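I opened my notebook beside the model and looked up a few things. Here are my entries, in the order I made them.

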Amino acid sequence: MLAAAVLALLVVMFYYPVATVFVDAVLVEGRLTLRVFAAILTDPFYLGELARLFAGDSPLAVLRALLSADRRLGIVGFTAYQAALSTVVSVAVGVPLAYLLARYEFPGRRTVRSLTILPFVLPSIMVAVGFFAAFGADGTLNAALAAVGLGPVDLLPSLEAIVIAHAFYNAPLVARITTASWESVDASAVETARSLGAGPFRAFRDVVWPQVYPAVLMSAALTFVFTFGTFPIVLALGGFELATLEVFIYGLIRDLAYAEGAALALLELAISLSVLYGYLRYEAAHTVEAGGIRPQERRPLRPPSWSLRELLPRVGLAAYAVVALVLFCLPIASMVSASLSGPAGFTLEHYRFLLERQATGASFQVRPWPAVRNSLLFGAAALAVALPMGVVVSVLTTRDYAGRELVDTVAMAPLSVSSIVVGLGLLRGLVFGVELGGVRVAVGGALAIVAAHAVAGYPFVVRIVAPGLASLDRQLVESARALGAPRARALLDIELPLVWPAVVAGAAFAAAISIGEFSATAVLASGTGQYTMPIAIERFIGRRLGPATAMGVVLLVVTSGSFLLIDRFGGDRVGL
């Protein structure tokens with residue numbers, strides 16, 4: 001019954017609205033046709049050398065062209081290339097942070113863990129402002145280099161800036177998902193391996209890493225999908241010459257070229273779903289069973305002795321901390337500094353503008369408090385929908401039955417569909433209304449926004465909770481069932497408590513995505529009063545940058561408080 005309810009919600013909130021957009025790719029002027037797809041697949045502008053393959057050239061000739069120095073990647077090829085680079089850098093930055101949070105205890109660890117998700121929810125347009133303030137020609141980084149006598153670094157616009165910005169967004173995603181998995185490793189298994197003669201490295205390789213690397217691979221797959229569908233960051237930091245597939249989809253839809261835009265969105269969906277399906281098949285074939293009864297004790301960050309074995313990992317973490325501070329803190333600090341700066345130096349004028357706008361703003365103007373209120377209300381409502389949906393789908397995708405991988409892939413489809421397409425589909429399919437039995441049924445813009453946010457957030461709950469459920473020792477559940485517990489009781493009393501950190505992490509991600517969502521909200525809130533904080537920031541940027549940075553700081557404060565509240569409410573409850 002729960003599965004049927006989730007399926008019904010997905011059909012109403014996602015599949016039907018998206019289908020109303022995708023149908024434009026095959027229904028042109030009232031007739032079914034594939035000519036739009038054929039034009040795209042044979043156009044080197046989109047597919048580069050691969051277009052020759054669809055045009056009839058021999059596979060060998062196409063392979064030689066791909067291996068040549070002057071090969072053409074096309075828009076799709078470049079999109080995949082920058083996504084692969086961004087994934088590698090995001091994993092390289094995120095895994096050490098997960099190791100620090102999962103294995104070491106230090107003052108403020110829980111606060112740092114709560115705030116790891118913060119970069120992920122910042123509106124892309126605000127991150128672009130922060131990166132320009134930090135890494136631009138006159139930014140904070142070049143000012144610091146000049147102070148020590150070093151030359152300036154020219155990062156904007158460039159592919160390197162895009163990759164660094166994607167790491168800013170997605171390394172916290174890698175860290176949060178991997179930390180939840182690392183904290184679920186049963187200490188008894190590690191102790192057993194050590195008692196049987198395994199050294200620290202051997203115990204890590206044979207016991208810990210097999211339980212952790214599925215989370216790393218999953219976060220890498222998600223990072224690739226997100227960066228493959230990137231839009232505002234590329235446009236802001238790379239310019240049109242480094243545009244990705246999503247940029248062209250947005251441009252075509254904006255120009256009302258729905259057929260070509262929908263065809264490109266379907267191509268993007270096919271590639272992203274292929275990556276997710278490949279990972280899900282791998283995850284199903286390489287699940288490692290673990291008890292998860294007792295987590296490993298964290299070591300103090302201050303070394304108990306000055307031995308080389310104790311100092312080496314901490315020196316490595318210190319070096320990593322310097323890189324992390326530059327990557328994560330410098331853009332945010334630069335944004336905060338810009339909100340407090342004016343032509344004459346330090347000023348609170350930008351915050352005073354927000355207060356005046358709230359007090360005297362006209363009904364058609366964006367005011368700060370409604371934006372904060374709407375963000376929190378939409379976030380709470382989206383969380384109330386996304387968390388139960390995610391837990392139900394997690395249970396469904398960790399049971400053994402034929403076609404489980406296909407069900408998992410279909411459930412993860414929202415991760416692969418452009419948020420612009422989702423927003424446009426909800427607008428055309430639900431907000432404008434649909435005819436049912438001669439009666440037009442329509443929903444309000446606020447409900448459509450909550451639906452868009454819930455659809456965007458629940459896959460994160462699934463991908464964080466499902467690996468933990470799959471790795472649990474099934475004998476625990478079987479023992480509860482043998483003692484008379486029904487399935488729901490075993491799930492609530494045995495399984496969910498063992499993966500509680502993952503449930504809390506999933507809830508934090510669902511709320512974070514709702515608060516920071518921009519693209520679908522921009523489509524659905526157009527011409528209404530249902531604007532959120534990211535929309536308010538975008539509106540302020542169109543007028544003056546100072547108030548926009550001040551509103552960005554308000555967003556930082558609200559989201560930070562929300563994450564801390566969720567983590568404190570969820571606690572560190574692990575095990576029975």
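I began with Asp-206, which forms a salt bridge with Arg-205, their closest N and O atoms lying 3.0 Å apart. For this I count a side-chain nitrogen of Lys or Arg within 4 Å of a carboxyl oxygen of Asp or Glu. Asp-206 is partly exposed at 39% relative accessibility, and Arg-205 is partly exposed as well, at 41%. My cut-offs, with a 1.4 Å probe and protein chains only, are under 20% relative accessible area for buried, over 50% for exposed, and partly exposed in between.

Before going on, I noted that this is a predicted model, where local features need pLDDT of at least 70, side-chain atom pairs count only at pLDDT 80 or more, and totals for chains, interfaces and linings use all residues. I also noted that residues are numbered from 1 along each chain as its sequence is written, and that side-chain values use heavy atoms, with hydrogens and water left out.

**Confidence**

I looked up pLDDT, the predictor's confidence in each residue, from 0 to 100. The chain has a mean of 82, and 95% of its residues reach 70 or more. Helices here are DSSP runs of H or I with at least four residues, strands are runs of E with at least two, and both are numbered from the N terminus.

I found 15 salt bridges in the structure. In one of them, Arg-298 meets Glu-183 at 3.0 Å, N to O. This pair links distant parts of the chain, 115 residues apart: Arg-298 sits in the loop between helix 16 (258–285) and strand 4 (299–300), and Glu-183 in the loop between helix 11 and helix 12. Is Glu-183 buried or exposed? I read 8% relative accessibility, so Glu-183 counts as buried, while Arg-298 is partly exposed at 27%. Shared partners join Glu-105, Arg-109, Arg-113, Glu-183 and Arg-298 into one network.

**Aromatic rings**

Next I counted 16 aromatic pairs. Rings of Phe, Tyr and Trp (its six-membered ring) pair if their centres lie within 6.5 Å; planes under 30 degrees apart are stacked, over 60 edge-to-face, and the rest tilted. Phe-14 and Tyr-15 make an edge-to-face pair, 4.9 Å between centres and 75 degrees between planes. Phe-14 is buried at 3%, and Tyr-15 is partly exposed at 27%. I also looked at Tyr-99 and Trp-182, whose centres are 5.7 Å apart and whose planes stand at 50 degrees, so the pair is tilted. Tyr-99 lies in helix 6 and Trp-182 in helix 11 (residues 159–182), so the pair ties together parts 83 residues apart in sequence.

**Helix 22**

I checked helix 22 (residues 419–431) and found it mostly covered, with 10 of its 13 residues buried. Among them are Ile-420, Val-421 and Leu-430. Gly-433 follows the helix, with a positive phi near 100 degrees.

**The largest pocket**

Last, I looked for open space. A pocket, on a 1 Å grid over the protein atoms alone, is an open set of points where a 1.4 Å probe fits, with protein on both sides within 12 Å along at least five of seven lines; lining residues have an atom within 4 Å of a point. The largest pocket holds about 750 Å³ of space, the volume being that filled by probe spheres set on the points. It is lined by 23 residues, and the closest to its centre are Arg-103, Arg-194, Pro-200, Gln-296 and Arg-299.
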